[in-house]
Amino acid sequence: MIANERLEHASSPGLIRPSAVTADPPKVNDYDAFAEAYTVENETNLINAYYERPAMLALAGDVSGRRILDVGCGSGPLFGALRERGAVVSGFDASAGMLELARRRLGDSADLQVADLGGPLPYADDTFDDVVASLVLHYLEDWGPALAELRRVLKPGGRLIASVDHPFAVHLMHRQADREAEYNYFDTTNWNAEWTIGGQTAPMSFWHRPLHAMIEAFTAAGFRITVISEPEPDPAARELFPEAIAAKPRFLCFLFFVLRAD
């Protein structure tokens, strides 16, 4: 539910039923395969460029002089925006292709590494003032190891600022597709979709978890929730996407958290 899906997923790619998966399915979440096309889409679309990213920056606030880790940094748009605001930023991503685009954007001196969220991270304890996790946690079945690592690399009192697929929006999408029996809101379930970006079709896999499960995972990892946000789009969206905003000035898409490492 990131690049090419629309408000309340009304024009989202069709879900792939588990029974339709072949014995030798294509690789899911293969950002290397469509890194260029995804980056172009991400730069200017409504939900990333004029909804999710402005919301993350607003929640981060004044970051001048703060050391920040960008988790799943992709091609680096959030990394770059935070750096322009005076932060000292490091980033990692599982996709080498996306990181190559990030290096083109950010320069060879940018601190970028290939790493998987959920495994050991290549950073020392108590390194960062803030961690930003933009639309990445919902790729994981188990948030526990990932949150433990993010808590480890944060300084005491540091912030984790995270955006995820809104669980109510995912539930609404399944309900509209008459799949409530397969995807119960209260269960943690895997669901699949096909994205079409730049003429390429890519299979994607996500994990839905209900709101209470998200909160339990955060608190179990030692975080205290200070903000839960369901923001409006950036004001510029009204001129750039007048029909979409006129139809849905507020919409369910992503859910945002600010958490403190206690």
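**Inside the model**

Mentor: Happy to. The model is a predicted one. Its largest cavity has a lining made of His138, Trp143, Asp165, His166, Pro167, Val170, Trp191, Trp207, His208, Arg209 and Met214.

Trainee: How many cavities of 30 Å³ or more are there?

Mentor: A cavity is a space where a 1.4 Å probe fits but cannot get out. Counting those of 30 Å³ or more gives 1 cavity.

Trainee: What volume does the largest cavity have?

Mentor: Its lining includes Trp191 and Met214. The volume of the largest cavity is about 70 Å³.

Trainee: Which helix and which strand each supply at least two residues of that lining?

Mentor: Pro167 and Val170 are among the lining residues, as are Trp207 and His208. By class, the lining has 6 nonpolar, 3 polar and 2 charged residues. The elements that each supply at least two lining residues are helix H6 (167-176) and strand S7 (200-208).

Trainee: What covers the buried residues of helix H1?

Mentor: Helix H1 spans residues 35-44, and its buried residues are Ala35, Ala37, Tyr38, Thr39 and Asn42. Their cover includes helix H2 (46-60), helix H3 (77-84), helix H4 (96-106), strand S6 (189-197) and S7.

Trainee: Is Cys73 buried or exposed?

Mentor: Buried means under 20% relative accessible area. Cys73 has 5% relative accessibility, so Cys73 is buried.

Trainee: And how many disulfides are counted?

Mentor: Cys253, at 3% relative accessibility, also counts as buried. A disulfide needs a pair of cysteine sulfur atoms within 2.5 Å. By that rule the count is 0 disulfides.

Note on methods:
Residues numbered from 1 in each chain as written. Predicted model: local features only at pLDDT ≥ 70, side-chain atom pairs only at ≥ 80, totals over all residues. Heavy atoms only, no water. Buried < 20%, exposed > 50% of the residue type's maximum accessible area, 1.4 Å probe, protein only. 1 Å grid on protein atoms, 1.4 Å probe; cavity = no way out; pocket = protein on both sides within 12 Å on 5 of 7 lines; lining within 4 Å. Points joined across faces, edges and corners; volume = space filled by probe spheres on them. Helix = DSSP H or I, 4+ residues; strand = E, 2+ residues; numbered from the N terminus. Nonpolar A, V, L, I, M, F, W, Y, C, P; charged D, E, K, R; others polar. Contact = heavy atoms within 4.5 Å.
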